[in-house]
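Keep the sequence and the 3D view side by side while you read. We will go sheet by sheet, then look at rings and charges.

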Amino acid sequence: MCCESKRRFLLLYATQKGQAKAIAEEIWQQAGAHGLEADIHCISEMDKYNLETEKDPVVIVISTTGTGEPPDTARKFVKKIQDKTLPPDHLAHLQYGLLGLGDSEYMFFCNGGRTVDRRLQELGAQHFYDTGLADDCVGLELVVDPWIDGLWLALKEALQLQKDKEGMNNAVNAVSSSLSTAPHAVHELKLSSEVQNLKLEDEGARRSDTLSQKLDDINLVAPARDTEPSLVHSVPPVSQSALNIPALPPEYIEVEFQDTQGENLHLSSLISEGRTFEVPVTKAVQLTREDAVKTALLLELDIADTAFEYQPGDAFCVICPNNVSEVEKLLHILGLSEKGDDIICVKVKQGTKKKGAVRPQHIPERSTLRFILTWCLEIRAIPKKAFLRALVECTSDAGEKRRLQELCSRQGASDYTHFIRDSNVCLLDLLHAFPSCKPSLSLLIEHLPKLQARSYSVSSSNLYQPGRLCFVFNVVEFPAGPSRPVSRKGVCTGWLAELVAPLLHPSKNSQGTKGESSSTEKISIFPRPNNAFHLPTDPSVPFIMVGPGTGIAPFIGFLQHRQKLREQHRDWEFGETWLFFGCRHHDRDYLFKQLQCFLKNGTLTHLKVCFSRDSSTAEVAPPKYVQDLLRLCAKEVARVLLKDGGYFYICGDKKHMADDVSDAVVDILSMEMEADKLEAMKILAMLREAKRYLQDVWS
């Protein structure tokens, strides 16, 4: 089919870390095989499309970030459509389908997509295809793949309706009125079995869509005696299946090496979010004992000579590099060890088939190779299926090639989830497992996402410690396993721990107090204010804080701030404060034993602590977890929330704590109100809506 005869649709994506963009590009690549042409744009490029005059169907792929916000690239778009002066029929002409990406580990699942979807509906836009909500917790592909499969039929039907409308306005008006009562406005993905079984059309036009392998090729992967699948080995039915694999992404980057060596850019050039600050680390303290399960560190930064501002409860981001040894290993595998300090120019490849190809914004046009691999690319990122598909073409061993094809195929979805996604496998792990795979530097730049700055909660008050900013973190550990040959530390926490090691373990000849800095180690940071997770504006309002482990960090800032306010305003009325804290062992990881000081001076009214791994000889076993402590204080918790109009704050692990605390609060409300669980859940939802039940959680 010639290009001129293909029917157009508008394809918009809003991405934070690249997932939505990658999925939109997959849709764009598949469109041609279905006789369609996708006009693809980032949703932020509002000068290149106009929904107010758009006549063709619109497909939107949008992720969720933070505590349920649309991604940064969608902020202007969302602000525009949320204009309250817009009439309810403002977008009545618009037909759209929306795919939302999210993670059910977080409270506001797919809220970025839901927000846009809901507002488009309020402005009169109509679905031509049911909304899909994909969950990164279980694997985006479980919804994304069938949603894309069903999209083509829905698009063709929508385009046919549009064509009929252009020729027969009267007839189509009747059709439109009947469609408005049809179940097309369903807000969850409910694909019929017919749609799920759709196969991509025009297979001859896309030889890479379906790969059929003869049985003779299958046994190249591993000896038949292996009965358990692994990263490098498959078993039936996957090993005996014809495979549906993604289209080969078109190459679009080329790299030119220059004979000169040069200086690198300043780190501030990597950040688009706003101003960055280079600040010294003035203090480092290990809060846990050496035999604790996790190592928790507290760092103090000197911000006195900067314009950096924060409130207790805010977060900020640390710009961090990849691990030096991992960068060197990658350079070695690429055969570029001798060229690490050479200047390279990165530009779009002439004649690329990738529509709208541009150099990734996080890649400098001109820099050293080592700088790009160290500061720009997330070499620890879990490879997406499109990346695996591209790596197939760089692999010479037939067995390894087949296994990579399986891992990116529809048939190998379970293996991909288990052996790559859930195992946290990165590029270096893949290159170790598949030694005949030799990717080019340009391929890595095309497929590795931006190295993201890491976010941390502030654990101090500028009122209490002027010119200082403190934060607390656990040094993340990734143990070695079947898919990971070596253990690793977290990208940022491992780097920070190594950076401050001289402060934690000063040599005998060094002068100064342990933990105090006589060096000038600096890190680059930028603010990321939290719009809600702050102290009540009325100091007389009581509040409850729940923060086990390092989740206590923002509450130290809360209490420091409250203490200074009490000292400065002795005539003010201050509400009661509750803190529920938990850790494994009292003598190993009780992070802030100085909490007793806040208790003694009246800043903290009630302190409840528990230790989940300490043994007890008491007849009645003490509570192990913070949710157990909450249940023991049920009457007081209910009083603060229901009678006194108090606030409830949670900080810490989402999967293993925050959900359990939420369940405990529902049980408490149900019991104290003598109401059923559904009614208690409604009350909790109202507290969330009123910003009186607030979470700062991570998975």
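How many bridges join S23 to S24, and in which sense do the two strands run? There are six bridges, and the strands run parallel. Start from that pair. Remember throughout that this is a predicted model.

Now widen the view. S23 and S24 belong to an open sheet of five strands, ordered S22-S21-S20-S23-S24, with parallel pairing. At its edges stand strand S22 (606–611) and strand S24 (693–698), and each pairs on one side only. From one strand to the next, the twist of this sheet averages 10°. Helix H17 (residues 553–568) packs on the sheet. H17 touches S20, S21 and S23, and its direction makes about 145° with that of S20.

Next, look at helix H20, residues 634–643. Which of its residues are buried? They are Ala-634, Val-637, Ala-638, Val-640 and Leu-641. Seen down the axis of H20, these buried residues fall within an arc of 160°, so they line one face of the helix. An α-helix has 3.6 residues a turn, so residues three or four places apart point the same way. Turn to the face of H20 that points away from its buried side. That face carries two exposed residues, Lys-635 and Lys-643.

What covers the buried residues of H20? The cover includes three strands of the parallel sheet: S20 (543–546), S21 (577–583) and S23 (647–653). It also includes the helices H19 (626–632), H21 (654–673) and H22 (677–689). After H20 comes Gly-645, with a positive phi near 65°.

Now move to another sheet. Six strands form this open sheet, in the order S15-S12-S19-S10-S11-S16, and the pairing is antiparallel. Strand S15 (454–457) and S16 stand at the edges with a single partner strand each, so one side of each has no neighbour in the sheet. The twist here averages 40° from one strand to the next.

Take two of its pairings. Strand S10 (residues 277–286) and strand S19 (residues 522–528) run antiparallel and are joined by four bridges. Glu-278 has Ser-524 as its bridge partner in S19. Strand S11 (residues 296–302) pairs with S16, also in the antiparallel sense, over seven bridges. In that pairing Leu-297 stands opposite Phe-473.

S16 is an edge strand. Is it largely enclosed or left open by the rest of the structure? It is largely enclosed, because five of the seven residues of S16 (residues 468–474) are buried. Helix H15 (residues 491–499) lies across S11, S12, S15, S16 and S19, and runs at about 70° to S15.

Turn to the aromatic rings. The count comes to 23 aromatic pairs. One of them is Phe-128 with Tyr-129, which is stacked: 6.5 Å centre to centre, with 20° between the planes. Both partners are buried, since the cut-off is under 20% relative accessible area. Phe-128 has 6%, and Tyr-129 has 7%.

Phe-316 lies in strand S12 (residues 315–319) and Phe-471 in S16, so the pair ties together parts that are 155 residues apart in sequence. Phe-316 is buried, at 0% relative accessible area. Phe-471 is buried too, at 0%.

Rings can also gather in groups. Phe-533, Phe-543, Phe-555, Phe-558, Tyr-647 and Tyr-649 form one aromatic cluster.

Lys-385 lies over the face of Tyr-416, at 5.3 Å from the ring centre. Arg-566 lies over the face of Phe-574, at 6.0 Å from the ring centre.

Finally, step back to the whole chain. Its secondary structure comes to 22 helices and 24 strands. Of its 699 residues, 51% count as buried. Among contacts with a separation of 6 or more, 79% are between residues 24 or more positions apart.

Conventions
Residues numbered from 1 in each chain as written. Predicted model: local features only at pLDDT ≥ 70, side-chain atom pairs only at ≥ 80, totals over all residues. Heavy atoms only, no water. Buried < 20%, exposed > 50% of the residue type's maximum accessible area, 1.4 Å probe, protein only. Pairing = 2+ DSSP bridges. Phe/Tyr/Trp six-rings, centres within 6.5 Å; stacked < 30°, edge-to-face > 60°. Lys NZ or Arg CZ within 6 Å of the ring centre and 35° of its normal. Arc of directions from axis to C-beta. Contact = heavy atoms within 4.5 Å. Axes fitted to C-alpha atoms, helices over the stretch in contact; angles between N-to-C directions.
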